[in-house]
Amino acid sequence: MAKKVILTGDRPTGKLHVGHYIGSLKNRVMLQNSGEYQPYIMIADTQALTDNARDPEKIRNSLIQVALDYLAVGIDPEKSTIFVQSQISALFELTAYYMDLVTVSRLERNPTVKAEIKQKNFNDSIPVGFLNYPVSQAADITAFKATLVPVGDDQEPMLEQAREIVRTFNRVYDCNVLVEPEGYFPEKGQGRLPGLDGNAKMSKSLGNAIYLSDDSETVQKKVMSMYTDPNHIHVEDPGKVEGNTVFTYLDIFDPDKNKVAQLKEDYQKGGLGDVKIKRYLNEVLENELAPIRQRRAEYEQKQDEVYEMLIEGSEKANQVANQTLSEVRDAIGLNYFKR
Ligand code: TRP
């Protein structure tokens, strides 16, 4: 039986952080190594341009950073095809056909896009391409006939939109060309890493992130600055565990659940200081991040090979996407000159 296809990706607007790792990268590596899937991993530079069109240099520089982050966490080009969105022209033609099947008001209702428009202060100046990115994302997914899309929780509306497009397309053109995708989300409570400051979201723009490329001193400094319980002033005071970022991180990163339970108990009783729990969290993080950092440094030394890998991945992705595009054109009836 043919392997199930996975498609996912990230916008290259900077280096990836541990929030990306927990929200999606870790799952991808696990799925890749299960051997049951054929994964395509896309660096979504064109999507990144939808709100950075006037700063292409940022996207250009981030491309290699994201590629290095992928390799560092264990995405293996022997098992996964890593490619660059802008190099796959079929995606843009597919987007054009899908745009005719989606209304503006449907796009305006997308809750993730809505939240982003607010956050980016677009007001009345929303780029058309930005509003349209869920449609372009449907093209990314369907070009590979992906059935599984491992992403963070905020991407569910994109999957819903993609499924609608698939159903509409197959119905309108009376065919079976496109395939409906499903999301693959992190386990409940494991998917969203808060920022160092306790903000619900870790993000570069909020300046509250730990990057996969941070060295050990930087990580330690960031951990020591983390938000805990503002009312836990003296070591002997009872402390709060809920909403305490250090414990949220321990819940997610520490494999030793008994130890975490014990620490929580001690902290709530009083007598356990913030510095102690932060030092412990730093150790736990180091265990996970040190091998990633090490691998990243190795690939940094051979960037030519990394670019070569992206070229090969993009060639392979082009073949697959062109095949789907040809089926889509046939289904619509745009095959006048086909021999
Ligand atoms: N929207 C995703 C993000 O912001 C990136 C992305 C683009 C993507 N195309 C995709 C994810 C297709 C999954 C499938 O990170």
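1. Basis. Residues are numbered from 1 along each chain as its sequence is written, and side-chain values use heavy atoms, with hydrogens and water left out. Because the model is predicted, local features need pLDDT of at least 70 and side-chain atom pairs count only at pLDDT 80 or more, while totals for chains, interfaces and linings use all residues.

2. Domains. The chain is divided into domain 1 (4–192 + 303–332) and domain 2 (216–297); the bounds come from an automatic or database domain assignment. Taken over C-alpha atoms, the centres of domain 1 and domain 2 are 34 Å apart. The contact between them takes 15 residues from domain 1 and 8 residues from domain 2, where contact means heavy atoms within 4.5 Å.

3. Largest nonpolar core. A nonpolar core is a set of buried Ala, Val, Leu, Ile, Met, Phe, Trp, Tyr and Cys residues joined through side-chain atoms within 4.5 Å. Buried means under 20% relative accessible area, exposed means over 50%, and partly exposed lies in between (1.4 Å probe, protein chains only). The largest core has 51 residues, and those that touch the most other members are Tyr70, Ile210, Leu212, Tyr249, Leu250 and Phe253. Helix 3 (residues 56–73) gives the most to this core, with 9 residues. Helices (H or I, at least four residues) and strands (E, at least two) are DSSP runs, numbered from the N terminus. Domain 1 and domain 2 each supply at least three residues of this core. In soluble globular proteins, nonpolar side chains tend to be buried together.

4. Leaving out residues up to four places away in sequence, Tyr249 touches Leu193, Pro194, Gly195, Leu196, Met202, Ile210, Met226, Asp254 and Leu281.

5. Largest pocket. Pockets and cavities are found on a 1 Å grid over the protein atoms alone: a pocket is an open set of points with protein on both sides within 12 Å along at least five of seven lines, a cavity is a set of points where a 1.4 Å probe fits but cannot get out, and lining residues have an atom within 4 Å of a point. Grid points are joined across faces, edges and corners, and a volume is the space filled by probe spheres set on the points. The largest pocket has a volume of about 1400 Å³. Its lining has 49 residues, of which Arg11, His20, Glu116, Asp154 and Lys201 lie nearest its centre. Strand 1, helix 1, helix 6 (111–119) and helix 8 (133–143) are the elements that give two or more residues to this lining, and helix 1 gives the most, with 6 residues. By class, the lining of the largest pocket has 16 nonpolar, 19 polar and 14 charged residues. Here Ala, Val, Leu, Ile, Met, Phe, Trp, Tyr, Cys and Pro count as nonpolar, Asp, Glu, Lys and Arg as charged, and the others, Gly among them, as polar.

6. Second largest pocket. This pocket holds about 380 Å³ of space. It is lined by 19 residues, and the closest to its centre are Pro77, Glu78, Ser80, Met309 and Glu312. Strand 2, strand 3 (81–84) and helix 14 (303–332) each give two or more residues to the lining. The largest share, 7 residues, comes from helix 14. The lining of the second largest pocket has 7 nonpolar, 4 polar and 8 charged residues.

7. Cavity. The count comes to 1 cavity of 30 Å³ or more. About 50 Å³ of space lies in the largest cavity, and among its lining residues are Ile6, Arg28, Leu31, Ile41 and Pro150. Strand 1 (4–10), helix 1 (18–34) and strand 2 (37–43) each supply at least two lining residues, with helix 1 giving the most, 4 residues. By class, the lining of the largest cavity has 7 nonpolar, 3 polar and 1 charged.

8. Asn27. Asn27 is found in helix 1. With a relative accessible area of 15%, Asn27 is buried. Not counting residues up to four places away in sequence, Asn27 touches Tyr184, Phe185 and Pro186.

9. Positive phi. Asn123 has phi near 50°, a positive value in a residue other than glycine. Asn123 sits in the loop between helix 6 and helix 7 (128–131) and is exposed, with a relative accessible area of 60%. Phi of Asp174 is near 45°, also positive in a residue other than glycine. Asp174 is in the loop between helix 9 (156–172) and strand 5 (182–184), and at 70% relative accessibility Asp174 counts as exposed.
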